[in-house]
Amino acid sequence: MNCEIDGDMENQVEQEEKSRLINQVLELQHTLEDLSARVDAVKEENLKLKSENQVLGQYIENLMSASSVFQTTDTKSKRK
């Protein structure tokens, strides 16, 4: 009878360990899903910011080319 009790106890301990491991795996899967979603969101934001930077860079270039302050001077023609 002691063997039966020991066997049942071992089965119960194994079942608890399996259950704990399954819960841990599920928790890690959820964490991975969350991190993956965060990476996707950051990639999307990065692309948006790159696009905005290109637009702003072009705008600044256009302003600088239209402004006489940023025009290059030809020093050779002024000396003659």
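## A walk along helix H1

Arg20 and Glu17 both sit in helix H1, 3 residues apart, which is about one turn of the helix. Here helices (H or I, at least four residues) and strands (E, at least two) are DSSP runs, numbered from the N terminus. Before we go on, please note that this is a predicted model, where local features need pLDDT of at least 70 and side-chain atom pairs count only at pLDDT 80 or more, while totals for chains, interfaces and linings use all residues. Residues are numbered from 1 along each chain as its sequence is written, and side-chain values use heavy atoms, leaving out hydrogens and water.

Back to our pair. Side chains of opposite charge can pair when their charged atoms come close. The side chains of Arg20 and Glu17 meet in a salt bridge, at 2.7 Å from N to O; the term stands for a side-chain nitrogen of Lys or Arg within 4 Å of a carboxyl oxygen of Asp or Glu. The structure holds 1 salt bridge. Arg20 counts as partly exposed because its relative accessibility is 44%, and Glu17 counts as partly exposed at 36%. For these labels, buried means under 20% relative accessible area, exposed over 50%, and partly exposed in between (1.4 Å probe, protein chains only).

Now let us step back to the whole chain. The protein has 2 helices and 0 strands, and of its 80 residues, 0% count as buried. Its accessible surface is about 8,000 Å², with 56% belonging to carbon and sulfur atoms; such areas come from the Shrake-Rupley method with a 1.4 Å probe, and for residues only the protein chains shown count as cover. UniProt, in an unreviewed entry, lists residues 18-52 as "coiled-coil region", though such annotations may be inferred rather than shown by experiment. Over residues 18-52 the chain is 100% helix, and the end C-alpha atoms are 51 Å apart.

Next come the surface patches, made of residues with over 30% relative accessible area and no salt bridge, joining like charges within 9 Å and nonpolar side chains (Val, Leu, Ile, Met, Phe, Trp, Tyr) within 5 Å. Asp40, Glu44, Glu45 and Glu52 form a negative patch; Asp and Glu count as negative, Lys and Arg as positive, and His and the chain ends are not counted. Each charge is placed at NZ of Lys, CZ of Arg, CG of Asp or CD of Glu. Glu45 lies in helix H1 and is partly exposed at 39% relative accessibility.

A nonpolar patch of about 630 Å² is made by Tyr59, Ile60, Leu63, Met64, Val69 and Phe70. Leu63 belongs to helix H1, which covers residues 2-66, and Leu63 counts as partly exposed at 44% relative accessibility.
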